[in-house]
Amino acid sequence: MAEDSNYDEQGINEVAEEDMEAPTSPDMNDENATSGLSETDQADAGAGGDDSAEPAEPEEAPPTEEVKVVKVLKPEDQIRLYVWAGSDLKCLGDDVHCQQIYMTLSLKSEVNEMARFQVITENINIKKSQEFDKLAVNKLPCLVDPVGDRVISDVQTIVDYLEQVFKEPCLIPKKTSLTQVGIDLYRKFTGYLKNTNPNREAEMKNALDRELEKLNKALKESGHRFLDGDKLTQPDLRILPKLHHVVVAGKMFKGYEIPDEDKYGRLKEYLENWKQEPVYQETKYSDADLEYGWFKTRGLDRMYLKIKGGYRLK
C-alpha cells in the first residue's frame with residue numbers, strides 16, 4: 001500500500017518572486033552628474049558626502065509562516081471496533097473486554113488523528129451483520145485496521161497492537177508487576193455467580209473476597225487514584241470493568257456486597273475515580289444491559305428465576 005494513498009493532504013503552493021531590475025539612479029549612471037561641481041566638491045562627493053552619516057541598518061525579512069501538512073483520515077480508512085450489543089441490539093453491551101478495548105482506543109484517539117475509530121455493535125449469537133460476517137471471525141471485540149491491513153479478535157493482541165502503533169499516550173504501566181494484579185478476579189467472580197452448589201457457596205465467596213483484598217492492597221501501595229499513578233493505564237482498563245460487574249451483578253443475582261472493612265476500603269474509591277473520567281462516560285452501559293448480559297448472553301437464565309425485586313436460584 002502506498003504511503004499516502006489513504007489520506008488527503010493539504011496542498012502547499014510555493015510562489016516564486018519575479019526577478020525585478022534594480023532601480024537606477026542619476027548618481028550611478030550619468031557620467032556628467034558631477035561635472036558642474038568644483039574639484040573640492042567633486043572630491044567630497046566621491047568620498048561619500050557627510051562623514052557623520054551612519055550606514056543604514058539592513059531590513060529584517062518578515063518571518064515565514066510555517067505551513068503544516070495535515071493528514072486527514074478518510075471515514076473508510078478509520079479503525080472499526082466491533083463490540084457486543086446491548087438488549088436492543090443497538091446500544092453498547094456490557095462485555096468487559098469490549099469496554100477495555102473501547103477505552104484504550106478512546107484514550108489513544110485523543111492525541112492521534114490516525115487512531116480515529118468507529119464503534120459497531122453486534123450480537124453474533126442472534127445474527128451477524130453482512131460486514132462482520134465477511135471478516136470470518138467469531139469473537140468480540142474485533143478490531144479492523146484498514147490502513148494497517150489487520151483484523152484482530154484476541155484481546156491481548158489488540159492491546160499490544162495499539163500500544164505498538166500509537167505510542168502516545170503510553171498506557172503501559174511503569175511497574176511491570178501490575179500486569180498480574182487482579183488477573184484471577186473475574187474468574188473467581190464468575191465461578192461464585194454461577195455456583196449452584198450450596199455446599200461450596202462459602203468457599204466460592206471467600207475466594208472472591210481474597211482477590212478483592214489483593215486488589216485493595218495494590219491500590220494502597222500505589223497511593224494514587226489508580227494503580228500506576230493518577231492516570232489510567234492498561235491494568236486499570238482491564239480491571240475496572242470487571243470490578244464494576246462484581247459490584248452490580250454480584251448484588252443483583254446473589255445479594256453480594258464488597259465487605260465494609262479496611263482491607264477493602266480503597267475499592268469503592270477506585271471505582272468512583274474511574275467514573276469521574278471522561279472515558280468512562282463515553283464507554284459506559286446501563287445496569288439493565290449488564291443484567292441482560294448476564295441473564296441472557298452468559299446463560300444465568302438456566303440457573304436463576306427472576307422474581308420480584310431480584311433473582312433466586314432455581
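Biologist: How many bridges join strand 3 to strand 5, and do they run parallel or antiparallel?

Modeller: Strand 3 (residues 79-84) and strand 5 run antiparallel, joined by 3 bridges. Strands here are DSSP E runs of at least two residues, helices H or I runs of at least four, numbered from the N terminus; two strands pair at two bridges or more by DSSP. The model is predicted, so local features need pLDDT of at least 70 and side-chain atom pairs 80 or more, while totals for chains, interfaces and linings use all residues. Residues are numbered from 1 along each chain as its sequence is written, and side-chain values use heavy atoms, without hydrogens and water.

Biologist: Which residue in strand 5 partners Leu81?

Modeller: Leu143 is the bridge partner of Leu81. Leu143 and Asp145 are buried on one side of strand 5 (residues 142-145), Cys142 and Val144 on the other. Buried means under 20% relative accessible area with a 1.4 Å probe, protein chains only; over 50% is exposed, in between partly exposed.

Biologist: What stands opposite Asp145?

Modeller: Arg150 in strand 6. Strand 6 (residues 150-152) runs antiparallel to strand 5, with 3 bridges between them. In their hairpin, with 4 residues between the strands, Asp149 has a positive phi near 55°.

Biologist: New topic. How many aromatic pairs are there?

Modeller: The count is 11, pairing Phe, Tyr and Trp (six-membered) rings with centres within 6.5 Å: stacked under 30 degrees between planes, edge-to-face over 60, otherwise tilted. Tyr102 and Phe117 are edge-to-face because their planes are at 85°, with centres 5.9 Å apart. Tyr102 lies in helix 3 (residues 96-109) and Phe117 in strand 4 (residues 117-122), 15 residues apart.

Biologist: Are Tyr102 and Phe117 buried or exposed?

Modeller: Both are buried.
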